Amino acid sequence: MNVQGIDIERLTVSVYQVPTERPRSDATRKWDHTTIVVVEAHAGGTVGLGYTYADSAAALFIRDVLGDVVAGRDALAVAAAHAAMQQAIREAGRPGIAESALSAVDVALWDLKAHLLEVPLVLLLGAHRKSVPVYGSGGFTSESIPQLREQLQQWVAKGIRRVKMKVGRLPEDDRARVAAARDTVGLGVELYVDANGGYTRKEALKRADEFAALDVTWFEEPVSSDDLDGLRLIRDRAPAGVEIAAGEYGYDRFYFRRMLAAGAVDVLQVDARRCGGVTGFCEAASLARAFGIPVSSHTAPALHAHVCCAVPGVRHVEYFSEHVRVEGMLFDGVPSAVNGMLTPDLSAPGLGLALRRADAQRHAV
């Protein structure tokens, strides 16, 4: 197929709101539904798919601003479209809704390009590995200890050897919850905790010692990710073997550069649904590699499978339970973790995803 000279015709966008199975909470937030904004980019009779988890306002921004920015542009020149969108969102306020909207469009454009060239996205980007490790993620603070144990057991039974739980809402209960988690998974499984920035610096230092005694090896956002000095303090003083992770709220390369230059993390978390899509993820990963820091993708596993197999320096993909459920409900072609690994489908072009419209329509906003 000759794809030269094919222009992007239009973007279409839809919003779906999926209720959670039961109320969820972490240290700082409660929620009872998940909102996903899906973008489809049309060119030459082909459609590329992208999405973000964000407020429905991101869909309005795509319709009102970004659609006109990319329409008429070369469908193969994703970098040029990305740069034009970055220019267009300056006055709107880049971090937040605008960058989340841009991220979804960027993913759709990469998926479109891969479809036009009839190759999987990982091969278009340049495959670095065939599959990428995952860690099971959930363990919400709203769950009882029996519910926590059940989820952890399910992950381990599927061959997942790394699991993460939430802490920080009721600090006085955290040690008992983490001890129950360690008892459930045994000593052969890596145990991670995520405080979502819910601790003070001194509380985080105290908890780091307690968690280390339970062989916790990953302490995510012990303090706010905006407190780079605090993250550096915890990183310097935490027991050996406890890695400090943050970065999920990064919307651009400048954020990641500040975090890396501050020496704030042992592992940089990067989220393609927020940081500029595939293009932004690759930029952030390159920065991290220059600082000698590994990368872990944040949530949205179906979105990250291809890019994380293409980018060097990726530690693993967060197999976030709520997004695993939503992506499985709304899309065909979602990759599943097998023996703790996520493998892109090389038999399908692009991300290999297709919107299951009839099922999705029940949740349309």
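Predicted model: local features only at pLDDT ≥ 70, side-chain atom pairs only at ≥ 80, totals over all residues.
Two strands count as paired if DSSP finds at least two bridges between them.

## Strands

Strand β1 (residues 10-25) and strand β2 (residues 30-43) run antiparallel and are joined by 12 bridges. With 4 residues between them, β1 and β2 form a hairpin. Within this pairing, Gln17 stands opposite Thr35 in β2.

The loop between β1 and β2 holds Thr28. Thr28 counts as exposed because its relative accessibility is 53%, and exposed means over 50%. Leaving aside neighbours within four places in sequence, Thr28 is in contact with Arg169, Asn196 and Gly198. Thr28 and Val167 are 139 residues apart along the chain, and their C-alpha atoms are separated by 9.9 Å.

Strand β4 (residues 132-137) has 6 of its 6 residues buried, so it is largely enclosed by the rest of the structure. In a regular strand the side chains alternate between the two faces of the sheet. In β4, Val132, Val134 and Gly136 point one way, while Pro133, Tyr135 and Ser137 point the other way. Residues of both groups are buried.

β4 pairs with β11 in the parallel sense through 4 bridges, and Gly136 has Tyr319 as its bridge partner in β11. β4 also runs parallel to β5, with 2 bridges between them. Here Gly136 stands opposite Val163 in β5. The pairing of β4 with strand β13 (residues 341-342) is antiparallel and has 2 bridges.

## Nonpolar cores

The largest nonpolar core has 113 residues, and those that touch the most other members are Tyr51, Ile62, Leu109, Leu268 and Phe281. Helix α3 (residues 94-117) supplies the largest share of this core, 11 residues. A second, separate core has 5 residues, including Tyr192, Trp218, Ala245 and Val267.

What does Ile62 touch, not counting residues up to four places away in sequence? Ile62 touches Leu11, Val13, Val37, Val39, Gly67, Ala101, Ala104 and Val105.

## Pockets and cavity

The table lists the spaces and the classes of the residues that line them.

| Space | Volume | Lining by class |
|---|---|---|
| Largest pocket | about 670 Å³ | 9 nonpolar, 12 polar, 12 charged |
| Second largest pocket | about 370 Å³ | 5 nonpolar, 4 polar, 8 charged |
| Largest cavity | about 40 Å³ | 4 nonpolar, 2 polar, 1 charged |

The largest pocket has a volume of about 670 Å³. It is lined by 33 residues, and the closest to its centre are Arg29, Tyr53, Arg273, Arg274 and His323. At least two lining residues come from each of β2, α3, β5 (162-166), β11 (314-320) and α12 (321-330). β2 gives the most to this lining, with 4 residues.

The second largest pocket holds about 370 Å³. Of its 17 lining residues, Gln151, Gln154, Trp155, Lys158 and Ser321 are the closest to its centre. β1, α5 (145-157) and α12 each supply at least two residues of the lining of the second largest pocket. The largest share, 5 residues, comes from α5.

How many cavities of 30 Å³ or more does a search of the whole structure find? The search finds 1. The residues that line the largest cavity are Ala302, His306, Gly333, Pro335, Pro344, Asp345 and Leu351.

## Two residues with positive phi

Glu118 is not a glycine, yet it has a positive phi of about 60 degrees. Glu118 is found in the loop between α3 and α4 (121-125). Thr299, also not a glycine, has a positive phi of about 55 degrees. The loop between β10 (295-297) and α11 (301-310) contains Thr299.

Is each of these residues buried or exposed? Glu118 is exposed, with a relative accessible area of 59%. Thr299 counts as buried because its relative accessibility is 3%, and buried means under 20%.

Technical notes:
Residues numbered from 1 in each chain as written. Heavy atoms only, no water. 1 Å grid on protein atoms, 1.4 Å probe; cavity = no way out; pocket = protein on both sides within 12 Å on 5 of 7 lines; lining within 4 Å. Points joined across faces, edges and corners; volume = space filled by probe spheres on them. Nonpolar A, V, L, I, M, F, W, Y, C, P; charged D, E, K, R; others polar. Core = buried A, V, L, I, M, F, W, Y, C linked by side-chain atoms within 4.5 Å. Buried < 20%, exposed > 50% of the residue type's maximum accessible area, 1.4 Å probe, protein only. Contact = heavy atoms within 4.5 Å.
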